[in-house]
Amino acid sequence: MALEEAEKTSPKHQRGKEIRRKGYARYKFLKGFRTVMVGREVKYELERISVKLPVLYGIKGRVKTQVEERLLKEESKVFAAPMLVYSVLGGKLNAKLWMPQIEASGESKYIIVDGKYVKLKGGRGVLLSAIGVTEEGRRAVLDIILSVEEDAMGYWRLLVEVWKKSSFILIVADGIKALDKAISLAELHVARQGCLVHLKRRKTKEEREALNAIISSAENGELKSESCPTLLSYLKASKKLWKWLKSNNLIESFNSLLERRRFRLYHSPWRILQITRVIALYYNLLTCFIITVIILQYLLFFLF
């Protein structure tokens, strides 16, 4: 297949070709994993295949063939399969695996971001996470990064990575100023919703009652969200999503899953981020399963 593709894109006797063939090279791709018992210890070994592919070069450098891209995609799937098992269950592989990529279906118009500090060798770091909510009510973790501290550059990296996946219109978070600076640096024209739960904790009883009155009036249509965007931007979404967008409780619940993992000082930054991403993949699978069960319950209710 690779030779046929190379012949089509770069015929041997054609002059002035945009893509030129410069010999052949042998590449190794991951085929799978194999378990081996060494005494009482279970070890995992990598199985690879060797493939001879033509080397193609274009104006901007080396060009990958479709066969090579397909093999690389299959290789990533092989890596992802054991990642969904060993990290969450507490097992360990003696092979260094690639960083799993977080996948989420649907277009997330609203995101909720927050940071969680973890212990690192020689200090501490912060896991910056983003959960997306679609207009249909589907929620999933979109991305997680590990930063030295909860600063503007860390949030900027997170927002840029999330923007590549979904073009969101609203960001929900507590009153951290670094996030506002990151939004400005990324030049994102999005609305900013503060966490009402965190806001009420810092207020007196009279101030909380006044705040509840404002929110109640706005939800009844007596006030517009533009009058106080930091408090009422969640009203731009459909009513069924208000409970998730008026606070960052949704991502706090995800952080509680990370808290149960209890990262220790012997975890490297790479390992912490790896395990956290696997937990995020499980979270996405679980929320998708719950939504499916609810839909089936409604269907059964109306049918019977």
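Leu170 stands opposite Ala191 of strand S8, a contact point between S7 (residues 170-173) and S8, which run parallel and are joined by 4 bridges. Strands here are DSSP runs of E with at least two residues, helices are runs of H or I with at least four, and both are numbered from the N terminus. Two strands pair if DSSP finds at least two bridges between them.

The model is predicted: local features require pLDDT of at least 70 and side-chain atom pairs count only at pLDDT 80 or more, whereas totals for chains, interfaces and linings use all residues. Residues are numbered from 1 along each chain as its sequence is written, and side-chain values use heavy atoms, with hydrogens and water left out.

**The sheet**

S7 and S8 belong to an open sheet of 5 strands, ordered S6-S5-S4-S7-S8 with mixed pairing. Strand S6 (139-147) and strand S8 (191-194) each have a single partner strand and stand at the edges, so one side of each lacks a neighbour in the sheet. From one strand to the next the twist averages 25°; axes are lines fitted to C-alpha atoms, for helices over the stretch in contact, and angles run from 0 to 180 degrees between N-to-C directions.

Strand S4 is joined to S5 by 12 bridges, and these two run antiparallel. Ile111 stands opposite Gly132 in S5. Strand S4 is mostly covered, with 10 of its 13 residues buried; buried means under 20% relative accessible area, exposed over 50% and partly exposed in between, with a 1.4 Å probe and protein chains only.

In the loop between helix H2 (66-89) and S4 lies Pro100. This proline is buried, at a relative accessible area of 10%. Its C-alpha is 9.7 Å from that of Lys77, although the two are 23 residues apart in sequence.

**Helix H9**

Helix H9 (residues 249-261) lies across strand S4 (108-120), strand S5 (123-134) and S6, and runs at about 30° to S4. Contact means heavy atoms within 4.5 Å. The helix has 13 residues and reaches 19 Å from its first C-alpha to its last, close to the 18 Å expected at 1.5 Å a residue; the expected span is 1.5 Å times one less than the number of residues. Leu250, Ile251, Phe254, Asn255 and Leu258 are the buried residues of H9. They cover an arc of only 135° around the axis, which puts them on the same side of H9; the arc is that of the directions from the helix axis to the C-beta atoms.

**Aromatic pairs**

A search of the whole structure finds 3 aromatic pairs. Rings of Phe, Tyr and Trp (its six-membered ring) pair if their centres lie within 6.5 Å; planes under 30 degrees apart count as stacked, over 60 as edge-to-face and the rest as tilted. Two of the pairs are tabulated below.

| Pair | Centre distance | Plane angle | Class |
|---|---|---|---|
| Tyr234 and Trp242 | 6.0 Å | 85° | edge-to-face |
| Phe254 and Tyr283 | 5.4 Å | 70° | edge-to-face |

The pair of Phe254 in helix H9 and Tyr283 in helix H10 (residues 269-303) links distant parts of the chain, 29 residues apart. Phe254 is buried, with a relative accessible area of 0%, and Tyr283 is buried at 9%. Tyr234 is likewise buried, at 0%, and Trp242 counts as buried at 12% relative accessibility.
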